[in-house]
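Me: I am new to this structure and would like to know what stands behind the terms used for it. Please take me through them.

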Amino acid sequence: MADSNFKKTAERFVLAVGISLMIGILVLGEEGREGIGAIVGILMDPISAMVGDGNFHIMLFIMAAITALYASLIQKYTINWQLMRSTQERMKSFQKEFREAQLSQNTYMVKKLEEQRADMMADQMEMSKQQFKPMAYISIISLPLFMWAYHYISLHPGASLVFPFWGEQELVSTVLGPLQYWIFWYFITSLAISQVVRKALDIGGV
């Protein structure tokens, strides 16, 4: 019983920290982001110095690997993937039946399926809750790392990387709208590594 209470307390604490970070990043603004980045820099700056100031894209790749592995492990052990898959299958089946009943103007079947809609909405809510909790956990690692990258790149605006088709681009230049090249590089590497890790861990949707 004591172990169960401790686990629940620890879980609530971690969730509170994660949610506070997500909100804090928005509320604290530029100074807050720079402050968090500088604090994380105590750990990350020596690693970056070893990699080399001219190889910041490698640091972004390392960050992407860390966050992809961490996020995938968190999702593997906090989400009921069997329930997630079965719920997704039920939703697809329900939507197909409902659409067919509407097209055939089968009012009896439409009414019957509408009675089931509340149960389906409850299942969707449970899925959303299961997906939100890992987000809070993941933010504890990913957001501080991202803020460090934001802080570092602001101090090294001349850092560049050669992209296929685009040639050499400064990492602070924008790809589209406010999206900068360093963020673009981080996300495409994170997505690629995440796909490999999730495949290896056998997690994901149907």
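Reply: Helices and strands here are DSSP runs, a helix having at least four residues and a strand at least two, and they are numbered from the N terminus. Read in that order, the protein follows the pattern α-α-α-α-β-β-β-β-α. The model is a predicted one.

Me: How many helices and strands does the protein have?

Reply: There are five helices and four strands.

Me: Why is Leu171 called buried?

Reply: Buried means under 20% relative accessible area. Leu171 has a relative accessibility of 0%, so Leu171 counts as buried. Leu171 sits in the loop between strand 2 (167–170) and strand 3 (174–176).

Me: Is Thr87 buried or partly exposed, and why?

Reply: Thr87 belongs to helix 3 (residues 81–103). The cut-off for buried is again under 20%, and Thr87 is at 3% relative accessibility, so Thr87 counts as buried. The C-alpha atoms of Thr87 and Gln124 are separated by 7.8 Å, and the two residues are 37 residues apart along the chain. For the protein as a whole, 35% of the 206 residues count as buried.

Me: What makes Glu30 partly exposed?

Reply: Partly exposed is the class between buried, under 20%, and exposed, over 50%. Glu30 has 39% relative accessibility, and therefore counts as partly exposed. Glu30 is in helix 1 (residues 2–51). From Glu30 to His151 is 121 residues in sequence, and 9.8 Å in space from C-alpha to C-alpha.

Me: Which residues form the nonpolar patch on the surface, and how do you know that Ile62 can be part of a patch?

Reply: The patch consists of Ile58, Phe61, Ile62, Ile66 and Ile141, which together have about 370 Å² of accessible area. A patch residue needs over 30% relative accessible area. Ile62 has 33%, so Ile62 passes that cut-off. With this value Ile62 is also partly exposed. Ile62 lies in helix 2, and helix 2 supplies the largest share of the patch, four residues.

Me: What is the volume of the largest pocket, and which residues are closest to its centre?

Reply: The volume of the largest pocket is about 400 Å³. The pocket is lined by 17 residues, and those closest to its centre are Ile138, Ser142, Tyr186, Phe187 and Ser190. Helix 2 (56–78), helix 4 (107–155) and helix 5 (181–201) are the elements that give two or more residues to this lining. Helix 5 gives the most, with seven residues.

Me: How do the residues of that lining divide into nonpolar, polar and charged?

Reply: The lining of the largest pocket has eight nonpolar residues, eight polar and one charged.

Technical notes. Residues numbered from 1 in each chain as written. Predicted model: local features only at pLDDT ≥ 70, side-chain atom pairs only at ≥ 80, totals over all residues. Heavy atoms only, no water. 1 Å grid on protein atoms, 1.4 Å probe; cavity = no way out; pocket = protein on both sides within 12 Å on 5 of 7 lines; lining within 4 Å. Points joined across faces, edges and corners; volume = space filled by probe spheres on them. Nonpolar A, V, L, I, M, F, W, Y, C, P; charged D, E, K, R; others polar. Patch = residues over 30% accessible without salt bridge, like charges linked within 9 Å, V, L, I, M, F, W, Y side chains within 5 Å. Areas by Shrake-Rupley, 256 points an atom, 1.4 Å probe, with all protein chains shown as cover. Salt bridge = Lys/Arg side-chain N within 4 Å of Asp/Glu carboxyl O. Buried < 20%, exposed > 50% of the residue type's maximum accessible area, 1.4 Å probe, protein only.
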